[in-house]
Amino acid sequence: MADWAPIAKEYDPLKAGSIDGTDEEPHDRAIWRAMLARYVPNKGVTGDPHLTLFVARLNLQTTEEKLREVFSRYGDIRKIRLVRDLVTGFSKGYAFVEYKEERALLKAHRDANRLVIDQHEIFVDFELERTLKGWIPRRLGGGFGGKKESGQLRFGGRDRPFRKPINLPAMKSDLYGEGSAEKRNWSREGVRDWRSRDRDHERNRDKKWPERERSWAWGESERDPKEDKSRGRDRRDRDRKDRDRERSRERDTKKPRDEDKHR
């Protein structure tokens, strides 16, 4: 653990599938696939990998001209390589954009991710094929899982670095803003305060529980007097309306009888 770092220096599928890089068994099938995969990077690719962005999830109809129009907003572009099928010549949905300056690269990486191009929301990340030894792409079970927290969990990248293991000896890390070991250690008094708070919380919960049960029992057995009054009023109104209807019917039946008598 002496060479531990939050950012991976060499890609290992087993470490990338671990939150702190200490797992010994893979937790999903994708890691098994990545461990058994044999990926050879394309040696014919030229350009500076440290100034290149990986752009994925493109519309298959998107062209190099469209990509140049969009990504030139962030800085001067040196080269755009849209990956195509060798047989058909159709786009595979991802490309590589090389900038002339690192400032433009960082700006595009920050602002262009999840940008919509030709009705498709794109994904933008740094190129890792030539910068990280042992790199295995996501289609073979590797990768760093993207930037979505609810997606496939992979660690060791810039967006989702490794977390410090519990058994790692105390060491100063500027990435996490940690200080000396004395500042991080809690005092005994602080521990006692936390324990006393937990006890008080348990006691209060035990006291409130009978009151809740009582309120639930009341809700099932007893009725609200206001509701009973409103129901009684509704019944009286209905009875009065029924009586009025019966009286009107009786009047209607009496009228023809009186007319017959006078005849």
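Trainee: Which residues of helix α2 are buried?
Mentor: In this predicted model, the buried residues of α2 (residues 29-36) are Ala30, Ile31 and Ala34. Buried means under 20% relative accessible area and exposed over 50%, with a 1.4 Å probe and protein chains only. Helices are DSSP runs of H or I with at least four residues, strands are E runs of at least two, and both are numbered from the N terminus.

Trainee: Why do they line one face of the helix?
Mentor: Seen down the axis of α2, the buried residues fall within an arc of 100°, so they line one face. The arc is taken from the directions from the helix axis to the C-beta atoms.

Trainee: And which residues are exposed on the other side of α2?
Mentor: Arg29 and Leu36 are exposed there.

Trainee: What covers the buried residues of α2?
Mentor: The cover includes α1 (13-16), where contact means heavy atoms within 4.5 Å.

Trainee: New topic: how many residues line the largest pocket?
Mentor: The lining has 43 residues, and Phe54, Phe96, Leu128, Glu129 and Trp135 lie nearest the centre. A pocket is an open set of points on a 1 Å grid over the protein atoms alone, where a 1.4 Å probe fits, with protein on both sides within 12 Å along at least five of seven lines; lining residues have an atom within 4 Å of a point.

Trainee: Which elements give two or more residues to that lining?
Mentor: They are β1 (52-56), β2 (77-84), β3 (91-99), α4 (102-111) and β6 (123-126).

Notes:
Residues numbered from 1 in each chain as written. Predicted model: local features only at pLDDT ≥ 70, side-chain atom pairs only at ≥ 80, totals over all residues. Heavy atoms only, no water.
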